[in-house]
Number of protein chains: 2
Amino acid sequence: MAIVKNGRFLFKSIPTGFPEPEKTTVYDESESIDLEAVDLNGGFLVKTLLLSVDPYFRGRMRDPTIQSYVPAFVVDQPLNGYGVGVVLRSEHPDAKAGDHIYGIFQHQQYTIYPNLVDVNVIENKYGLPLSAFIGPVGMPGKTAYMAWKKYSHAKKGEAVFVSTGAGPVGSLVIQLAKMDGMKVIGSAGSEDKVKFMKEIGADVVFNHKTTDISEVLQREGPINVYWENVGGDTLSAALEAADIGARFIICGMISGYNTPDGIPVRRLDHIFAKSLTLQGFIVTRLEPEFNEEFYQVMPKAIAEGKIEWREEVWDGLDKVGDAILAVQKGLNKAKAVVRVASE
Amino acid sequence: MAIVKNGRFLFKSIPTGFPEPEKTTVYDESESIDLEAVDLNGGFLVKTLLLSVDPYFRGRMRDPTIQSYVPAFVVDQPLNGYGVGVVLRSEHPDAKAGDHIYGIFQHQQYTIYPNLVDVNVIENKYGLPLSAFIGPVGMPGKTAYMAWKKYSHAKKGEAVFVSTGAGPVGSLVIQLAKMDGMKVIGSAGSEDKVKFMKEIGADVVFNHKTTDISEVLQREGPINVYWENVGGDTLSAALEAADIGARFIICGMISGYNTPDGIPVRRLDHIFAKSLTLQGFIVTRLEPEFNEEFYQVMPKAIAEGKIEWREEVWDGLDKVGDAILAVQKGLNKAKAVVRVASE
């Protein structure tokens, strides 16, 4: 091993619209690391294997003086987000060489962790693929599972509309809703994604780029639950199609992430006219309540094939910018994963 | 008595913007009634004394094919809404001459009710003025009390922002919030209203026509509860100033009632970023749960002067259109009441 380059994927400038690979972010190989000799100071050295690229990245590409629920990315520093890696060397009693870890990773090939605060050692008692831990057993899985359990108040026979229904979160929501006996209406932005929603059990599926959302919802609704990942006109259509007392689970609003002032929404008067509940959430705030249940239920369900999932892999740390742009534009085929290295 | 005119206030045409007295509505004296001889068919004859004019009237001035939580007004028929009257003659065992009744009134001077479905006999054991029954002990009072109790999750020391804080609902919300030990920020649209909010205990008061809402909320917030009666930019400012986990009680959005497509709202992304709850409601849906408690608490609190309220009276049934327009434009000084007749 000895001295090797430690490639890093750096944040370079705050975008106004969509992020631009090479301008917003850049891959850098100016740093090196001596894998055998670098001082661990009681911590452990991790080789990054997989990185998750998620919609919320766009919100981190902001002026750092603007407060939000996650810190802004820092110019000239590596991005960071969920990832999976393998411990190469360790002086820490709870992480030994060969252990796989999951948690918050710097977007670089090698990182020394001082402790297990930001990351956990993966148990993997069902032998799941490592990428599951940044997918259905990771943040996207928790997002779908925890908010569905807490906020859907699902009733058999009711109808749910799931936007971005082929995505890493939406596709799990569809399957959880079917397990609860609901009629599921799913929307996505390509024929391939529409087909996938049908395969995982959605009752009514459509491509929002070629089909009028309101027309589908007026025909198939009214809806009792709406899983919101889009915002803008999709939210307006859901408000129009909502039944009295419907629950709107507000997970994200990607249609507005790349527009400086966001996308305005009309017909919010349906909120009082129909006694709607719009419930926003951030998954990390639900983890204390649901982590134990989640890890009891989801890894097993995935191992047994009761929950399906899929991913699209970009090979190489230098491809993070491409994956980010694809996710922001909805051009990714499934959960975006960057494979930084094999073991 | 014998035969008298039975004046009616009729809906004439659906407005596109603000309602226009004489065009949207018209006062009509073409009908007469024989108060002594008219057949009651087992019901009772009521003389209308007071009518309530409320913001939601605008939503009823619509194309009747559009569904909503209250029926559309019918062209060439009298408006209807909450009112108070006195029974002149009765063949009904539960309503006797001289009884005061409260409930849904046709906007006309005299009405024969077949039963006590839409109206109730007023008990008035605290001897409140009759207009209280279309104010703090009527629909506006229930609106404030029931939604505050159910949805505010008020905590001592937290901050609440009350829009339309001098109105019949907002002014009660301010007082309920102070009873719960909250810091109260109130907005209204005139200096007189601002003064009233201060008199009833609001800690921070401002005129939204002369003061920047965001500036006040950024200085005095973050807010934990928002009482929404306005929509549009006021809602956007509240979203910006909300604390994590804040509760938005969505009572109405008057800024958009007189604009065909409503007023769009930006920065809904705060709903997920701050884990907000936006809870819409219609008071009639809360009555089964809270009616008993409300009648135990509010009439007494008002009789003892623990809850203050005020009203603005328009004299004469022909003035309903003026009162409606004042309420829609926010030019009324307080709860709008039309005095149709004295006893």
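When the whole structure is searched, three cavities of 30 Å³ or more are found, and it should be kept in mind that the model is a predicted one. The largest cavity holds about 60 Å³ of space. Its lining is made by residues of chain B, namely B:Gly135, B:Pro136, B:Ala166, B:Gly167, B:Pro168, B:Ser171, B:Leu172, B:Phe196, B:Trp309, B:Arg310, B:Ala334 and B:Lys335. Sorted by class, this lining has seven nonpolar, three polar and two charged residues.

In chain A, an unreviewed UniProt entry carries the annotation "domain: Enoyl reductase (ER)", which covers residues 59-338. Within the model, the end C-alpha atoms of residues 59-338 of chain A lie 19 Å apart, and the span is 31% helix and 24% strand.

Two packed helices are described by the angle between their axes and the distance between the axes. In chain B, the axes of helix α2 (residues 139-151) and helix α8 (residues 283-303) come within 9 Å and cross at roughly 100 degrees. Because angles of 65 to 115 degrees count as roughly perpendicular, α2(B) is roughly perpendicular to α8(B). On the side of α2(B), the residues making the contact include B:Met139, B:Tyr145, B:Met146 and B:Lys149, while on the side of α8(B) they include B:Leu286, B:Glu287, B:Phe290 and B:Phe294. By class, the contact of α2(B) with α8(B) has 12 nonpolar, three polar and six charged residues.

Definitions and conventions: Residues numbered from 1 in each chain as written. Chains lettered and ligands numbered in written order. Predicted model: local features only at pLDDT ≥ 70, side-chain atom pairs only at ≥ 80, totals over all residues. Heavy atoms only, no water. 1 Å grid on protein atoms, 1.4 Å probe; cavity = no way out; pocket = protein on both sides within 12 Å on 5 of 7 lines; lining within 4 Å. Points joined across faces, edges and corners; volume = space filled by probe spheres on them. Nonpolar A, V, L, I, M, F, W, Y, C, P; charged D, E, K, R; others polar. UniProt positions renumbered as here; feature names shortened; annotations may be inferred. Helix = DSSP H or I, 4+ residues; strand = E, 2+ residues; numbered from the N terminus. Axes fitted to C-alpha atoms, helices over the stretch in contact; angles between N-to-C directions. Parallel < 35°, antiparallel > 145°, perpendicular 65-115°, else oblique. Contact = heavy atoms within 4.5 Å.
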